[in-house]
Amino acid sequence: MQFTASDHYVCTPDLTLAVNAAITLQRPLLLKGEPGTGKTMLAEEVAASLDMPLLQWHIKSTTKAQQGLYEYDAVSRLRDSQMAQVSHAAGQDNLGERVRDIRNYIVHGVLWQAFTADQPVALLIDEIDKADIEFPNDLLREIDRMEFYCYETRELIRAKHRPLVFITSNNEKELPDAFLRRCFFHYIQFPDATTMQRIVDVHFPQIESQLLQTALRLFYTVRDMPGLKKKPSTSELLDWIRLLMASSDAMTALDKAATQQSTPPLVGALLKNEHDLRLLDKLLGMQRNHR
């Protein structure tokens, strides 16, 4: 398998190389970068390009590694057992047969599904740094050896095909060295203006050139301001451009912002807290005073 490109995702040469390196090494591809730089979307596009089903595991602060393997639904089994007693008294025992087989109460996690799939699949473990620090360590053996043991059914679940694993992180927590050693790592740099124009063209092929150029210039001006708590991301730029294209006087407002150092229109799509909005107003005021 080799990933080349996608019509719906602008993939830089170094990112394409990283994907193919992970495929060649049969190692998980660990992706880091600012939120909104397309880490999750990359997994979706690679899976579509290689014609592979994609299984997604979105991690939360309460997620445990065991949930990715399987969970034993003891509550449902107890409830069915109680109902089976009633059914047995009525001369029916179909539910009782179900209760006696514990396999009916094993809920397969995404790793179980990926390991037992009849064809190779792509597996996305999204935002792994949201979980507690032990979460990556708890998955070391399973991801490395591509197998795990189900104690309730006393069976070894071994991968039929090694899945193509994508792991994303927003760098909220440091990941253990032992886990990092088993991954191929790539940091997605924030796109420069040329790459960003290609990204916008993919999403909005009909956008007017003048609107795009002015919007990009203002976007990078805002993003490069010193002291921002949260810099606007690619996804926020796309939201902003979508709003601008829907506005009848967007070009006029953009020109005013660019020439008179005023607040860009619909700036709430880019800046998401009052500190950054006040900082923008202050810097624009200073620029106007020095004209």
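Where does H186 lie? I found H186 in strand β9. A reminder to myself before going on: this is a predicted model.

**H186.** I then listed its contacts, skipping neighbours within four places in sequence. That left D14, L15, A18, L29, L30, L31 and K32.

**The sheet.** What is the strand order? I read β2-β5-β8-β1-β9 for this open sheet of 5 strands, with parallel pairing. Which strands stand at the edges? They are β2 (54–58) and β9 (184–187), and each has a single partner strand, so one side of each has no neighbour in the sheet. From one strand to the next, I get an average twist of 20°.

**β1 and β9.** I zoomed in on this parallel pair and counted 4 bridges joining β1 (residues 29–32) to β9. Opposite F185 of β9 I found L30.

**Helices on the sheet.** I looked at α1 first: residues 13–25 form this helix, which lies across β1, β8 (164–169) and β9. Its direction runs at about 170° to β9. Then I turned to α2 (residues 39–49), which packs on the sheet and touches β1, β2, β5 (122–126) and β8. I noted about 165° between the directions of α2 and β8.

**Inside α2.** Which residues of α2 are buried? My list reads K39, L42, A43, E45, V46 and A47. I checked what these buried residues pack against and got α1, β1, β2, β5 and β8. After the helix comes D51, and I wrote down its positive phi, near 55°.

**α11 and α13.** I have α11 at residues 209–223 and α13 at residues 250–260, packing at an angle of about 40° with their axes 10 Å apart. That angle is why I call α11 and α13 oblique to each other. I logged the crossing of α11 past α13 as left-handed. Which residues meet there? From α11 I listed Q210, L211, T214, A215, R217 and L218, and from α13 A250, M251, L254, D255, A257 and A258. Sorted by class, this contact has 8 nonpolar, 2 polar and 2 charged residues.

Terms used:
Residues are numbered from 1 along each chain as its sequence is written. This is a predicted model: local features need pLDDT of at least 70, side-chain atom pairs count only at pLDDT 80 or more; totals for chains, interfaces and linings use all residues. Side-chain values use heavy atoms; hydrogens and water are left out. Axes are lines fitted to C-alpha atoms, for helices over the stretch in contact, and angles run from 0 to 180 degrees between N-to-C directions. Helices (H or I, at least four residues) and strands (E, at least two) are DSSP runs, numbered from the N terminus. Angles under 35 degrees count as roughly parallel, over 145 as roughly antiparallel, 65 to 115 as roughly perpendicular and the rest as oblique. A crossing is left-handed if the near helix is turned anticlockwise from the far one by less than a right angle, and right-handed if clockwise. Contact means heavy atoms within 4.5 Å. Ala, Val, Leu, Ile, Met, Phe, Trp, Tyr, Cys and Pro count as nonpolar, Asp, Glu, Lys and Arg as charged, and the others, Gly among them, as polar. Two strands pair if DSSP finds at least two bridges between them. Buried means under 20% relative accessible area, exposed over 50%, partly exposed in between (1.4 Å probe, protein chains only).
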